[in-house]
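User: I have a structure open and would like to go through some of its local features. Could we begin with one of the pockets?

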Amino acid sequence: MSRSPRRPKSAARTWTWPAAAGMAALLALGLGGGAPAGADPDDDGLKQALDNVLADERLEGALASVVVADAASGETLYEQSAATRLTPASNTKLPTSAAAMELLGPDYTWSTDALTAGGDLYLRGTGDPTMLAADYDALAAKVAAAGVDEVGRLVADDTRFDAERVGNGWSADYESDYYAMQISALTVAPDTDYDSGTVVVEAYPGKKAGDRPVVKVTPANDYVKIDNRGATVAAGERDTLGISREHGTNTIVVSGNIPVKANATKEWISVWEPTGYAAAVFRDALERHGVEVGGRTLLGRATPAGARTVASHSSMPLKDLMVPFMKLSNNGHAEILTKTIGVETADAGTWSAGLRGVSSYLKSIGVDTSTLRQVDGSGLSRGNTIPGREFVKLLTAVQDEPWFDAWYESLPLACAEDRFVGGTLRTRMCDTPAEGNARAKTGSLTGASALSGYVTDADGRDLVFSVVLNNYLAGSVKDIEDKVVTTLAGYGEGTEAAAPRSQTTRGAERPADVECAWEKPKGC
């Protein structure tokens with residue numbers, strides 16, 4: 001399915017469903033009763049089908065906000081608790097990403113610069129979440145090539161953003177989890193998913209029982225310290241090895257047992273104070289390229305006016321970052337975008353300034369911001385509460401934006417195998433009319449799940465939808481969301497309504513309280 005920006009608004013179409021076929025289908029679904037007074041009997045077929053999906057016993061005592069609209073006209077086709085504010089988890093990235101595309105622009109880039117002043121070398125960051133160790137190495141090579149072979153101190157300038165490192169309402173339980181990485185204008189990513197502010201730690205079994213595990217850190221650095229308490233045990237014994245970071249430190253503890261010849265245990269761990277992490281990686285790179293740093297490293301000091309730029313690195317444009325950001329639901333990207341919006345709209349790299357910018361954009365496209373609360377950019381906080389109706393307004397309005405195509409392509413695509421196409425939907429809605437059709441943003445926290453996006457029905461009509469489910473006790477309700485979408489994908493003129501087709505989830509079942517992309521290394 002492809003879309004074009006600024007699509008002409010067409011007259012609304014209604015579901016036309018032959019009466020006999022409709023009644024037979026309703027009986028097949030086990031749905032009784034007639035249309036509510038004043039309702040179009042054809043539209044009532046869709047209502048009954050979706051009501052049936054949402055009658056799942058796992059939602060008893062829970063809350064469900066579900067809204068479906070015609071993408072071209074904006075006409076609401078179905079709604080349940082449309083105005084109820086619920087925790088949307090990572091669906092919060094929808095307003096954040098759309099506002100970023102509008103307020104920063106799809107070609108927006110971040111720079112990381114090396115400057116000299118007073119004999120010191122300044123490393124100045126502006127928020128680039130894509131800086132790899134290799135990029136710092138290339139930056140150091142440029143410094144050396146500029147004729148700089150000795151400096152006094154290395155000063156890390158992260159002052160474009162404030163010093164608040166974690167979002168409002170983030171759980172303390174998340175501290176060492178990579179998806180709750182600390183936010184700084186200077187950071188390092190260990191991989192090309194661009195999981196900035198984290199390191200990858202791998203623990204391999206020793207050669208024989210009794211040996212310590214062999215531990216590897218990527219990127220290699222002395223900023224994090226390894227406390228290796230683990231043990232290699234005989235083949236066939238239970239693998240209990242775990243990796244975690246101690247609170248408030250960069251001491252990473254490896255503990256438990258790993259059998260001889262077992263696969264490595266691999267974890268992505270957030271670092272404490274990413275500015276220092278970036279400075280340490282850059283300092284090592286300077287030394288490799290023959291630039292001697294005689295003094296200590298200082299953090300959080302602004303580059304003086306008049307400093308001379310000797311080297312610079314520019315990030316990929318925002319429109320390209322949108323792919324790993326949205327496909328893999330990267331929380332760090334969302335928060336960096338939020339603070340960058342604050343810088344560009346209010347000259348303040350804070351969450352509050354950035355969120356005011358997001359809210360202003362939403363209001364400008366017709367979203368009723370008085371009915372919602374957004375407290376971070378990613379949705380990791382439970383303080384975010386957004387009605388499904390407002391998600392649908394957003395999804396409908398952005399179709400007229402000149403950057404819509406790039407934004408739309410960044411949404412996960414149902415059952416597309418490639419991680420950077422299917423993203424967090426790559427194993428969902430397979431073997432259904434939604435496969436290769438539905439594009440949507442997922443959301444997952446314990447007791448909160450969401451799916452909002454676009455799908456085309458059996459007649460080729462584009463629909464927008466939002467499904468937000470809260471306060472359920474079941475381990476997962478993802479299949480309920482999927483049934484809503486596959487029901488929409490399968491309906492149309494001249495088709496017999498039927499129970500949603502059975503669908504395949506490819507790959508192993510994964511915990512439903514976090515986004516599957518957050519389950520490194522075997523996540524979606």
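User: By class, which residues make up the lining of the second largest pocket?
Analyst: In this predicted model, the lining of that pocket has six nonpolar, three polar and three charged residues.

User: Which residues line the second largest pocket?
Analyst: The lining residues are R165, V166, W170, S171, A172, Y174, E175, A180, Q182, H247, W272 and E273.

User: And how much space lies in the second largest pocket?
Analyst: The second largest pocket holds about 230 Å³ of space.

User: Changing topic to helix α7: how many residues does it have, and what is its reach?
Analyst: Helix α7 covers residues 331–346, which is 16 residues. From first C-alpha to last, α7 reaches 22 Å, close to the 22 Å expected at 1.5 Å a residue.

User: Why is α7 described as largely enclosed by the rest of the structure?
Analyst: Because 13 of the 16 residues of α7 are buried, the helix is largely enclosed by the rest of the structure.

User: What is found at the start of α7, and what follows the helix?
Analyst: At the start, a side-chain oxygen of N330 comes to within 3.0 Å of the backbone nitrogen of G332. After the helix comes D347, with a positive phi near 55°.

User: Which residues is H333 in contact with, leaving aside its neighbours within four places in sequence?
Analyst: The contacts of H333 are with P129, D193, Y194, L321, P324 and F325. With Y194 there is also a polar approach: a polar atom of the H333 side chain lies 2.8 Å from the backbone oxygen of Y194.

User: What about phi at K261 and N471?
Analyst: Most residues other than glycine have a negative phi. K261, not a glycine, has a positive phi of about 65°, and N471 has a positive phi near 65°.

User: Where is K261 placed, and is K261 buried or exposed?
Analyst: K261 is in the loop between β14 (257–259) and β15 (265–270). With a relative accessible area of 79%, K261 is exposed.

User: And where is N471?
Analyst: N471 is in the loop between β22 (462–470) and α12. At 48% relative accessibility, N471 counts as partly exposed.

Terms used
Residues are numbered from 1 along each chain as its sequence is written. This is a predicted model: local features need pLDDT of at least 70, side-chain atom pairs count only at pLDDT 80 or more; totals for chains, interfaces and linings use all residues. Side-chain values use heavy atoms; hydrogens and water are left out. Helices (H or I, at least four residues) and strands (E, at least two) are DSSP runs, numbered from the N terminus. The expected span of a helix is 1.5 Å times one less than its number of residues. Buried means under 20% relative accessible area, exposed over 50%, partly exposed in between (1.4 Å probe, protein chains only). A polar contact is a pair of N or O atoms within 3.5 Å; within protein, one must be able to donate a hydrogen and the other to accept it, and residues adjacent in sequence count only if both atoms are side-chain atoms. On a 1 Å grid over the protein atoms alone, a cavity is a set of points where a 1.4 Å probe fits but cannot get out, and a pocket is an open set with protein on both sides within 12 Å along at least five of seven lines; lining residues have an atom within 4 Å of a point. Grid points are joined across faces, edges and corners, and a volume is the space filled by probe spheres set on the points. Ala, Val, Leu, Ile, Met, Phe, Trp, Tyr, Cys and Pro count as nonpolar, Asp, Glu, Lys and Arg as charged, and the others, Gly among them, as polar. Contact means heavy atoms within 4.5 Å.
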